[in-house]
Structure formats: C-alpha cells, structure tokens
Amino acid sequence: MSVSVEPTSVDAPAGEKGASLPSEALRPHAEHAFAAELAALAAQDDRPRPERWLLSPWAVATYLLGGTLPDGTVITPKYVGPRRIVEVAVTTLATDRALLLLGVPGTAKTWVSEHLAAAVSGDSTLLVQGTAGTPEEAIRYGWNYARLLAHGPSRDALVPSPVMRAMAEGMTARVEELTRVPADVQDSLITILSEKTLPIPELGQEVQAVRGFNLIATANDRDRGVNELSSALRRRFNTVVLPLPESAEAEVDIVSRRVDQIGQSLDLPAVPEGVDEIRRVVTVFRELRDGITADGRTKLKSPSGTLSTAEAISVVTNGLALAAHFGDGVLRASDVAAGILGAVVRDPAADRVIWQEYLEAVVRERDGWKDFYRACREVSV
C-alpha cells in the first residue's frame, strides 16, 4: 500500500510580523536570487525536458555555466570550471542514479548543489544538513508526538522529511555533508535510492518516488570526523569530483564574482576597486596550498588548513567590510591581512612558523608587495 505526502508550507501575508520576503532575505535562495534568469531560460527553452523538470538539461547547464540567450539575455555563470563536469552532473540527475558531489572543502559543492536543485525543480530548500548528530528521522520521517500519543500511528501524525517530500512530489532533495552523517543513518538512503521506495512499517504503507525525484549529496574526505560511505551506498551514486580552480586567474574570477554578489546584499564597496588585493589573497592561498611559489622556484611548507576558495571569499568579504566601515572604502592590504592570518594559522604552534617563513622568504622579497608585507607583519606580532 502506498501513501501520498501533502506538501507542507507556512505562508504569511506580506508585512505580517515574522514574514520574510525573498528580496529582504540576507541570503536569498538561488531560485529567488536568480528568478529572472530562470524565467528567461524557461521562456526560450524548446528542448526536451525530463518529467517535472522546469528546464531541459541543456538549459540547466547554461544556467550554471552562463551564456547569452538568443534574445540577448545574459545568464551569469554560477560555477567556473570544466563544462564536462557540469554536463555529467546534470545528465546524472536525468537518470535514476543519485548524484554525489565530492571534493575538498571549498570547491563549491554546496553552491553547485543548490543551483542544480533550483534549476531542475525550482526549489532548493528540500535539504538535510548532515552532522554527527543527524538522526534517521531527518532522512526518513518523524512523528508529531502529541498526535501520536493522542491517536496512535496515523498519517496525520507523520512528519515527512525533505527526502520523503521530494519523493512524493517528484522534486530534487539535497543532503549536505553526507560523510558527516553516522554510518547507520547514511545507509537509510540505500532502499530509497535503489528501490525508489520509503517503507512506513508503523502504518503498513510506503511512499513511492514519482518521476522527477532525485537526490544530490555532497561530501569530502579531507576534514576530521568524516564517516566513510559503505560500498553499497556508494554504488547508488554517480560521483562527480569538483576540482580546485585550475589557474590563479580562474580563482580570482570566482572570488571576485562571489564577493560582488555578497557585497551587494551587504552594501559593501564594489569589487573592481580591490581586484589587486583579491589577486594577492588568491596567490598566497594557492602558493601555501600547493607548497610551491607561483614561479616554481621556492618550495614551501603547507599549513594545516585547506586554504580553499571559499575561505578566500570570506577573507575578502571581511576586508571589504573593514574598508567600508573603518577605511576609505577601497580594499587595501591592511584590510585583508588579519583575515589571511586567521585562515593560515589554524595550529598556533606549527602554522605560525610556516606563515613567518613564508612572509620572510617570499612576501618580503616580492616586488610591489611591501605594503602587504608590512600589514601582515603588524598583525602577526
């Protein structure tokens, strides 16, 4: 016996206390922030669409990678990287295989996951955030205990998880940081992904996934506290590895675009005025991450942190805020120095030595970096 799951939502009139309009949100969901682009793509998308998809696979890839439509509408790139990676990810979602986005921290796994769900289903909020304390109910279903105690197990007492809702509505569900979820909870996905069914033994019923359902999970195996996926669960996923940016210019472009988007929501100065500092932040991160200077002449020790693109974005964003509120609005070396120190020195003993060696051996001798060297020395004392 199968059972349908009704969508659950809470709607409040605009202006009512507690209501939040997408335009007022500090960080709007992708489907709201890029609604105009999604609408433009849908209007001009005449290619075949899988069941319940808002866009064709070609249009989904264009939404992520950017492009110009026949009517001149510019679609901004959401992901800067190899096109084939995006095409494989989108194609996977059009099959009955779930998608696993794998990569080191800061490779835009969550960002890509959100935008894929927004473009495919128009809703990126069917989300399970994986942590060491994620219970099985977060993936399967829970119970309204007041109703359960009053009336016993019933459909009205059941609280569907985001995954269950996605199955019933033919939507895309997301599971973030799957490797942080306890192994026994991870394996609750096996039946869902292989049989496309979620049993509800308490009711003698089941929820069967309708066409359009799929699942995107993200994971990394670099951080501490991760749980390896079982071979049975891994077989249910098609794994796509998101790499670090290939070149410094590509990473500068990513950081600039993302910081500009964040800055607009926070009324921070425009990025172009600080592009030189962004390039220096990216250079420092890449050299320490790779263990060698950009010219290949000097080998370096790498600190314990990941020094990811996401961390570079955070350093620059914080620097822009300093420039806006305590400076002249122009991003300078003194605005990013403290942020870089915090990102590099995670282990106060070992990392501080690595950072000091890098400052003295590389930064101090580099032409045009004297202001950066002085700023970093001041905060490193």
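I call a residue buried under 20% relative accessible area, exposed over 50%, and partly exposed in between (1.4 Å probe, protein chains only). The model is predicted, so I kept local features at pLDDT of at least 70 and side-chain atom pairs at pLDDT 80 or more, while totals for chains, interfaces and linings use all residues. Residues are numbered from 1 along each chain as its sequence is written, and side-chain values use heavy atoms, with hydrogens and water left out.

Entry on the helix. I took helices (H or I, at least four residues) and strands (E, at least two) as DSSP runs, numbered from the N terminus. Helix α3 (residues 57-65) has 7 of its 9 residues buried, so it is largely enclosed by the rest of the structure; among them are Tyr-63 and Leu-64. Just after α3, I noted that Gly-66 takes a positive phi of about 90 degrees.

Entry on salt bridges. I counted a side-chain nitrogen of Lys or Arg within 4 Å of a carboxyl oxygen of Asp or Glu, and the search of the whole structure found 20 salt bridges. Arg-366 and Glu-287 meet in one of these, at 2.8 Å, N to O. The pair links distant parts of the chain, with Arg-366 in the loop between α15 (350-363) and α16 and Glu-287 in helix α12, 79 residues apart. Both residues, Arg-366 and Glu-287, are buried.

I then looked up Arg-280, whose side chain meets that of Asp-371 in a salt bridge (3.0 Å, N to O). Arg-280 is buried at a relative accessible area of 9%, whereas Asp-371 is partly exposed at 33%.
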